[in-house]
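Biologist: I would like to go through this model with you, one question at a time. Shall we begin?

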Amino acid sequence: MAMKVALLGCGVVGSEVVRLVNEQSGELAARIGTPIEIGGIAVRRLDRDRGVDPALLTTDATALVTRPDIDVVVEVIGGIEPARSLMLAAIKAGKSVVTANKALLAEDGQTLQAAARDAGVDLYYEASVAGAIPLLRPLRDSLAGDRVNRVLGIVNGTTNYVLDRMDSLGAGFTESLEEAQALGYAEADPTADVEGFDAAAKAAILARLAFHTQRVTAADVHREGITGVSAADIASARAMGCVVKLLAICQRSEDGESVGVRVHPVMLPVEHPLASVKEAYNAVFVEAESAGRLMFYGAGAGGTPTASAVLGDIVAVTRNRLANTSVGEGAHDTGLPVHDMGQTITSYHVALDVADRPGVLSKVAEIFADHGVSIKNVRQEGTGDDAQLVLVSHPAPDSALSSTVEELSVHPMVRDVASVMRVETFQD
């Protein structure tokens, strides 16, 4: 008897899922032990040509996900509602659920996971973070016996493409973003990407899996986008042997009693493996105590790569249903709280427009010292009215670095704080 799949949504990803199921039907049946069939597709309107059998289409999503013959529900409509209500209805009706909905998982994944545990069904969401890259199941399963200390990654292809163009071609931010939009890497409204909202949702999901804590939501993630990254920042990073990347960083505190989750641009040393990730690709770097350093790399977006991850989850949950089992994340929660960004240990790159006269550097150094921040290196660029001091700090609490910059910004010797960007270190 075939396993029947109900699809919520038939856009770019949904239509690709249908195509892959149909094209690979024989191979899928051989791998799983039973055929997979699309049992129905819920859409908002029936009058559009989606390249699928019109007989499969319905506008009654609730009836579809609770239909007795449906085994698996795949949600690819996105957003919070009605996706949440439909998934909960499907779970209550005993259906396993596959989703790519990072926003919902980051906001209320705990509710969905609890419902799936209570119903004895699966909730899989590999496609929610890095497209086709097999990342979440290795974090959840393969590294379950290890202690993950840090996860950092490029999880948004749009921002990586923009920053790569600014670095490799010297293009401006606006020009690079327009090119990304023309190629389909960025939406007409790119706010979720360039302001870091998309990456923040993914960071919350990564942190929950890596540290086995259900307490992380998107609201807990410190978020900064790339709209403030300038050509001068790119040039300054290059002069330091770095590139600028928007990273999602999930990290245990030094005492192991809390976690920090943040998304912001960083200056990353060129020798770090993530520095070589170009164009719209994604990559995630994991640091674990026993496994050491691991890197996952591949296409992070697009209809076909995302559909590939969705189909992988469909295969996994159908195998579980045939075996009459489910593989949930469990009810155990380490309870690790999320600490404030101010407690995070980081380094700053600060560029100051200053008056070129004696005593300026000593006064700037004094302000750093007053806040308990040590200066790693400093250089002066230009002279006279064009003088600029560029300083890089040693690691310090972010609150101390932030208050240092705040005092510098109002000091009479400082005309302007031209740039502030965090610096990540890497030791091979």
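Predicted model: local features only at pLDDT ≥ 70, side-chain atom pairs only at ≥ 80, totals over all residues.

Biologist: Is Val360 buried or exposed?

Modeller: Buried means under 20% relative accessible area. Val360 has a relative accessible area of 3%. That value is under the cut-off, so Val360 is buried.

Biologist: Which residues does Val360 contact, leaving aside neighbours within four places in sequence?

Modeller: Contact means heavy atoms within 4.5 Å. With the neighbours within four places in sequence set aside, the partners of Val360 are Val354, Ala355, Leu389 and Met413.

Biologist: How far apart in space are Val360 and Tyr348, C-alpha to C-alpha?

Modeller: In sequence, Val360 and Tyr348 are 12 residues apart. In space, their C-alpha to C-alpha distance is 19 Å.

Biologist: Tyr348 also turns up among the contacts of Ser393. Which strand holds Ser393?

Modeller: Ser393 is buried, with a relative accessible area of 2%. Leaving aside neighbours within four places in sequence, its contacts include Tyr348, Phe368 and Leu401. Residues 388–393 form the strand that holds Ser393, and that is strand 15.

Biologist: Now a loop. What is the relative accessible area of Leu274?

Modeller: Leu274 sits in the loop between strand 10 (259–269) and strand 11 (281–288). Beyond four places in sequence, Leu274 touches several residues, among them Leu152, Ile154, Leu247 and Phe285. Leu274 counts as buried, and its relative accessible area is 0%.

Biologist: How far is the C-alpha atom of Leu274 from that of Val65?

Modeller: Along the chain, Leu274 and Val65 are 209 residues apart. Their C-alpha atoms are separated by 40 Å.

Biologist: Last one. How many disulfides are there?

Modeller: A disulfide is a covalent bond between the sulfur atoms of two cysteines. Here a pair of cysteine sulfur atoms must lie within 2.5 Å. By this rule, the count is zero.

How values were computed
Residues numbered from 1 in each chain as written. Heavy atoms only, no water. Helix = DSSP H or I, 4+ residues; strand = E, 2+ residues; numbered from the N terminus. Buried < 20%, exposed > 50% of the residue type's maximum accessible area, 1.4 Å probe, protein only.
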